[in-house]
Amino acid sequence: MTGTAWRARAIQIGFVVVCVLGWIYVGNARLISPIFLPRFDRVMTELLRIVSNGTVFVYLGVTLFELFAAYALALAAGLTVGFLIGRSRFWVAVFEPLLNGIFAVPIVIFLPLFILFLGIGIESKIAFGATYAFFPIVLNTIGGIGAVDARFVTVAQSLGATRWQMFKRVLLPAALPVIVSGIRIGFLIGFFSIIGSEMIAGLDGLGSQIVQLGEGMNTAAMFAYILFVILIAAILNTLLSLLQSRFNRVAAAS
Amino acid sequence: MAFAGDVAITVEKVSHAYLKGAQAGLLQTLREVSLEIRRGEMVCLIGPSGCGKSTLLNIIGGLIQPSTGVVKVDGRVIRGPTPNEIAFVFQDNTLFPWSTILENVKVALEFQGVPATEREGRARTTLAAVGLKDFADHYPHQLSGGMKQRASLARALALQTGILLMDEPFAALDEQTRTYLGEELSRLLAKTGKTIIFVTHSLSEAVFLADRVIVMTARPAAIKATIAVAGAHPRGPAFMASPRFAEQRNELYALLRDEIEKTVGGLVGEEPEEAAPPMLAEQRG
């Protein structure tokens with residue numbers, strides 16, 4: 001890392017440290033009632049407890065299962081539909097504004113419908129998360145395929161590329177950076193949707209647990225769960241960044 | 001086995017028009033172009049920019065269908081890309097940026113249908129032939145403009161076709177690099193005996209490279225004149241310095257001048273002689 005990068009990293013860590021110190025100070029000075037903001041050390045004790053006795057992992061398992069099921073569906077549907085539409089200028093003209101329009105709607109307004117049709121178990125969470133994550137993936141796939149330089153297609157045609165070769169060797173690698181960024185946004189939106197739908201109408205998972213603890217005024221435990229979700233989000237985000245930068249290194253040439 | 005001198009490519013009364021917007025109507029780009037190109041011949045197409053030279057080249061290569069007329073290669077009508085007989089070198093950088101130079105050549109061979117076991121060897125041999133042996137594992141963005149075009153040439157040469165179609169391949173390069181690559185191409189030409197059609201808008205490039213320069217009119221393009229250029233390949237700086245070279249270059253410009261005037265609107269010709277700024281007159285001379 002360069003000097004600038006180190007400085008940036010130091011400031012980032014400093015920001016987190018200041019937040020925690022502020023939290024500790026507010027707790028010690030009794031500026032806010034511990035029912036609203038429990039002391040930092042109490043939350044840490046709770047966090048250690050739920051991690052060491054394993055309760056948090058039961059909820060995590062449910063949430064991650066929903067997330068990965070939803071994401072797998074969104075990926076399969078988004079990439080397939082995106083490629084099919086993206087290959088034809090006409091279908092792009094038809095569907096891109098349509099899909100963009102739907103994506104602009106806060107799709108969470110349809111959550112009651114998902115619950116009505118699929119119940120309040122994990123099925124409705126998976127379907128909702130998959131639906132929401134589908135949009136950025138399909139839109140970026142359409143955009144990526146549509147933006148492939150026409151010269152590359154002409155070159156491949158002149159060389160006698162088959163349809164499959166054109167897809168595998170030209171369209172896919174050319175569109176990959178844009179598609180990967182859609183895949184990443186899709187993951188973040190999928191995670192958000194799963195946690196959100198658990199909080200609104202759920203029996204299980206991290207989201208529903210946070211709401212239940214909050215309603216039971218057990219704020220210290222609730223904060224412990226919130227911190228745990230933040231940790232999980234940070235880990236998943238780091239993994240995605242690594243994946244994306246690997247793809248971008250390959251595509252950096254363009 | 002075909003021998004040098006017989007006809008490799010026949011263009012018969014090829015016209016081309018396309019719909020340019022709903023209101024604009026048909027735009028005719030080519031008007032009944034007929035042409036015969038002998039095996040091993042180097043032909044340059046030159047004409048005002050936008051006249052349809054590239055369209056003609058793409059029709060010969062089967063990338064565009066003519067509105068009327070046919071193109072025949074070895075007597076067979078061209079109906080689509082024929083990568084076993086015709087290779088392209090395009091203007092600008094059309095190497096795949098996500099692949100190394102070697103991979104670029106190999107993927108071209110894969111598209112052409114060369115068995116996987118032969119691709120690597122053929123790609124390396126061809127890259128060595130154009131002087132890019134040490135750059136096989138570089139990505140296109142790591143090479144200079146001239147090297148990129150040499151790599152594009154290697155991609156086309158690796159296909160081992162009898163015909164090479166080049167669409168202003170050196171247009172994006174500076175004049176020195178372009179002149180040098182022209183010399184290289186001339187040397188290569190002498191060795192391989194390929195049939196080459198070369199689209200250019202450079203007068204010097206046309207005279208330097210061509211056995212025959214075909215001058216096209218402004219759009220819709222037809223053949224205005226053909227100039228034969230004597231001199232065996234490889235040609236070098238001596239060829240370029242000869243009085244005959246300058247003579248033919250001027251002859252070419254005289255032929256093109258009217259057509260360029262039609263394209264750009266013709267300000268120069270309408271002004272009275274003495275009103276022309278001296279600077280401009282000098283530049284033209």
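**Chain B, its interface, and a residue of chain A**

Author: Chain B exposes about 13,400 Å², and carbon and sulfur atoms supply 53% of it; such areas come from the Shrake-Rupley method with a 1.4 Å probe, and for residues only the protein chains shown count as cover. This is a predicted model, in which local features need pLDDT of at least 70 and side-chain atom pairs count only at pLDDT 80 or more, while totals for chains, interfaces and linings use all residues. Residues are numbered from 1 along each chain as its sequence is written, chains are lettered from A and ligands numbered from 1 in the order in which they are written, and side-chain values use heavy atoms, with hydrogens and water left out.

Reader: What does the secondary structure of chain B come to?

Author: Chain B has nine helices and 10 strands, taken as DSSP runs numbered from the N terminus (helices H or I, at least four residues; strands E, at least two).

Reader: Turning to the interface, how many residues of chain B are in contact with chain A?

Author: In chain B, 21 residues are in contact with 19 residues of chain A, contact meaning heavy atoms within 4.5 Å. The two chains bury about 1,800 Å² between them, 71% of it on carbon and sulfur atoms; buried area is the accessible area (1.4 Å probe) that two parts lose on being put together, summed over both.

Reader: Which residues form the salt bridge there?

Author: R169(A) pairs with E110(B), their closest N and O atoms being 2.9 Å apart. The rule asks for a side-chain nitrogen of Lys or Arg within 4 Å of a carboxyl oxygen of Asp or Glu. Helix α2 (residues 101-112) of chain B gives the most to the side that touches chain A, with five residues.

Reader: A change of topic: where is Q244(A), and is it buried or exposed?

Author: Q244(A) lies in helix α10 (residues 219-251) of chain A. Q244(A) is buried, its relative accessible area being 14%.

Reader: Which residues is it in contact with, sequence neighbours within four places aside?

Author: Q244(A) is in contact with V180(A), S181(A) and R184(A). The side chains of Q244(A) and R184(A) also make a polar contact at 2.8 Å, which is a pair of N or O atoms within 3.5 Å; within protein, one must be able to donate a hydrogen and the other to accept it, and residues adjacent in sequence count only if both atoms are side-chain atoms.

Technical notes: Buried means under 20% relative accessible area, exposed over 50%, partly exposed in between (1.4 Å probe, protein chains only).
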